[in-house]
Structures are given as C-alpha cells and as structure tokens.
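Please look over the sequence and the structure before reading on.

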Amino acid sequence: MFFPAKWKYATVIPVPKPGKDPQNPLNYRPIALTSCMCKLLQKIVNARLTYILEKNGSISPFQSGFRKGRCTVDNLILLEGAIRTAFLRRHHLVSIFFDIEKAYDRAWRYGILKDLFDLDFRGNLPTFIQEFLKQRYFRVQLGNTYSDVYCQEEGVPQGSVLSVTLFILKINSILSVLPSFIQKSLYVDDLQIPCSGRDMRFVERQLQTAVNNMVTWSNHNGFTFSTQKTFGVHFCRRLLHPDPELFIQDTPLTLKDECKFLGVVFDKRLTFVPHIAYLRKTCLKSLNILRTLSNTSWGADRACLLRVYRSVIRSKLDYGCAAYGSTRPSYLVRLNYVHHQALRLCSGAFRTSPIKSLYVEKFEPSLTHRRQMLSFCFYFRVLSHENHPLREAFFGSQHSKAVQ
C-alpha cells in the first residue's frame with residue numbers, strides 16, 4: 001500500500017498554556033498542521049474503524065472520549081453520583097486522578113498494531129495504519145522561523161483525526177486490570193478511580209492494589225504516570241477522619257482538598273462552592289465583551305449581542321450543570337447575577353427593569369429552568385444507550401438487564 005511521503009510531514013505551532021510560565025517549553029500545547037487530503041482520508045478510515053469497534057463492543061463502556069452519544073458530563077455524573085451515594089451511606093470515598101506523561105507521544109505503535117491483530121483486524125486496514133504510523137516527521141514554527149525537521153519515532157501523530165481512536169484502543173485495556181470493587185471512568189487519557197467504604201483501611205488496600213496493577217500495566221505498555229500531577233481527594237463530610245496513605249511508584253500520593261476534573265471543580269464536601277466562584281469570576285470577565293459591543297453609537301444589534309452571550313458566556317454556565325446543579329439553591333443564586341446582567345446588556349434595559357420582563361423580552365428562561373431542561377436532556381440521552389454505565393445508577397441493575 002502506497003502512502004504519500006508528504007502526508008507524513010507536520011508543522012507544529014506551540015500555543016502557551018494559560019497561567020503557565022512561557023519560558024518553560026513544557027508549558028506549551030502543540031498544534032500540528034497536516035495535509036488536508038490526508039485528514040479527509042483519515043476521517044473515512046476512522047469512521048469505518050470506529051463503527052467496527054462499537055459494533056463488536058471492543059471499547060469499554062466507561063470510556064467516554066470521542067464516542068457517539070458520549071461526553072465529559074458522563075464522567076462528571078459518575079463521580080458526583082458516587083460521592084452522593086457515599087455520603088448517604090456515611091462512607092468514605094477516595095478518588096485518584098491520574099495523569100499520563102506525554103500520553104500521545106509515548107503510545108506504543110507496535111502495541112497498537114498488536115491490539116488490532118488481537119481484535120481480528122486483517123487486510124488493508126491494519127496495513128494502512130502501519131504505513132500511517134511509521135516514519136512521521138515534524139518541524140516547529142515560531143512566527144516566520146522554522147526549526148529543523150525531526151523524526152517522530154514513537155507515539156501517534158499530533159493533529160490527526162485517526163490518532164485519538166488509536167490511542168483510545170491502546171489505553172482501553174487499563175480498565176481490565178482494576179479490581180471489581182473499584183469504580184472507574186475514562187475520557188481518552190483522563191482517568192479517575194473512586195473507591196468508597198466505611199473502613200478507611202479497606203479503601204486504602206483496594207486503591208493501593210489498583211494503583212499497583214496500573215503501574216504494572218503502564219510499564220508493559222510504555223506509559224508513565226506523573227507522580228507530581230497524579231493526586232487524590234478524600235471526599236467526606238466528617239470533621240475528623242483519617243486520610244489514606246497511598247503510594248505510586250514508591251512515591252507518596254498527594255491528597256488535595258479540591259480538584260478540577262474535566263473543567264468542574266470538586267471540593268471534598270461536594271458543595272461546588274469553589275466551582276461556582278470560579279464560574280462567576282470567569283463569566284463576569286466575559287461580560288466586558290458585551291459591554292464593549294453594546295455601544296449605542298457603533299455597537300452590535302440586540303440579536304448579535306444575544307448570540308454572543310449564548311455562545312461565549314451561557315455555554316460556560318451550561319457546561320456540567322447536570323452535576324453541579326445538585327448543590328444548594330442558595331449557592332446557585334450567585335450565578336443569576338451574571339445571567340441577568342447579560343440580558344440587560346443585550347436588551348438595553350434599565351437596571352430597575354423587572355427580571356421576568358427580561359426573560360420575556362429575550363425569550364430566555366431562568367438558569368434554574370435551563371439546568372432542569374439540560375438535566376432532562378441528559379437523562380433521556382442516557383436512556384437511549386443500552387450500554388451506558390449510568391443506566392444501572394438511574395434504573396437499577398434489574399431494569400438494565402431486562403432492557404438488554
């Protein structure tokens with residue numbers, strides 16, 4: 001099979017990570033520019049490969065990354081539901097959030113081909129993937145300056161449509177080494193494993209066994225867990241409680257009071273107060289865009305302002321609301337100011353205008369009603385998938401078996 005050599009070259013543009021030191025080269029995200037014709041062919045091959053993997057059930061149902069009908073909210077609800085259940089049972093819940101160092105760059109190419117062979121892939125498809133992976137080249141562009149051309153000896157290529165599916169296929173087997181008592185959720189390479197129990201020593205033993213199995217798996221598959229970015233959170237509402245002592249590669253695991261998981265901040269008491277504060281602060285800064293565009297002499301019209309609000313600000317309020325919307329209404333009220341202020345800017349209303357009149361004028365529901373609507377949409381989306389891991393949590397194991 002012939003694969004054009006020009007399709008194997010990529011131009012990498014580094015983009016600095018927000019809030020990181022730009023002097024450190026590790027604080028940049030690589031954006032790879034490749035051939036558009038190659039991307040079109042990859043999209044065709046990826047659609048066929050994904051269809052066969054989904055049809056044969058080769059991908060774990062706990063993997064939510066880049067799958068039809070799945071999203072990050074699945075993982076957020078799994079974690080939030082596990083914590084709520086542990087609180088109702090007066091159990092401890094400890095969750096570990098793993099970080100894989102340079103996950104895409106260290107994906108084992110031979111391991112990917114071996115996994116395809118084990119799944120009975122024969123013929124042109126594995127041959128195409130083999131030609132696609134080998135002898136990849138890239139160069140870095142900074143402004144108008146280009147670096148030398150380097151060969152990427154390992155990993156899947158950046159900026160490729162097919163790379164995500166191949167990486168998911170390679171990391172899929174990590175869930176099989178976890179004990180049955182351990183829950184898990186995976187979004188591409190964002191892995192978290194929670195474990196709950198009344199006895200902290202039992203939780204500690206279960207999690208340590210799971211960590212040891214995952215470290216062994218990573219050594220056999222060419223991955224490395226970052227001991228600095230991997231941490232745990234002990235979710236508990238008791239004032240005095242023992243914290244677990246866990247180790248990853250003989251290094252003590254760091255325990256934090258809160259964590260940012262897939263864009264939502266989880267605190268150890270599950271109040272979501274830090275996330276609401278972060279969300280309010282971020283959205284208030286974005287309101288400056290509306291203030292600038294709402295100038296009476298040269299600004300945008302009302303329809304354009306409302307479109308900007310829905311895409312830039314309201315989308316942030318909507319994301320993850322099915323998870324953080326379970327907190328106290330007195331905490332959620334703090335986000336209403338952002339919503340009302342944005343509607344006043346979009347409609348040009350006075351500060352003394354009644355809030356209900358703003359809803360009618362702009363055809364916008366309140367944030368409370370919108371959270372309920374999005375939660376119902378998520379519920380029915382879960383209901384439409386037979387193998388969704390949340391079906392058992394919503395309907396029970398007997399109902400799930402009856403449907404299947």
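In this predicted model, domain 1 and domain 2 bury about 1200 Å² between them, with 61% of that area on carbon and sulfur atoms; buried area is the accessible area, found with a 1.4 Å probe, that two parts lose on being put together, summed over both. Ile77, Val264 and Val265 supply 31% of the area that domain 1 buries against domain 2, more than any other three residues.

Basis of the values
- Residues are numbered from 1 along each chain as its sequence is written, and side-chain values use heavy atoms, with hydrogens and water left out.
- Local features need pLDDT of at least 70 and side-chain atom pairs count only at pLDDT 80 or more, while totals for chains, interfaces and linings use all residues.

The two domains
- Domain 1 covers 5-267 and domain 2 covers 273-383, with bounds that come from an automatic or database domain assignment.
- Taken over C-alpha atoms, the centres of domain 1 and domain 2 are separated by 32 Å.
- In contact, meaning heavy atoms within 4.5 Å, are 17 residues of domain 1 and twelve residues of domain 2.

Charged link across the interface
- The rule finds one salt bridge across the interface of domain 1 and domain 2, where a salt bridge is a side-chain nitrogen of Lys or Arg within 4 Å of a carboxyl oxygen of Asp or Glu.
- The side chains of Asp74 and Arg381 meet in a salt bridge, at 3.3 Å from N to O.
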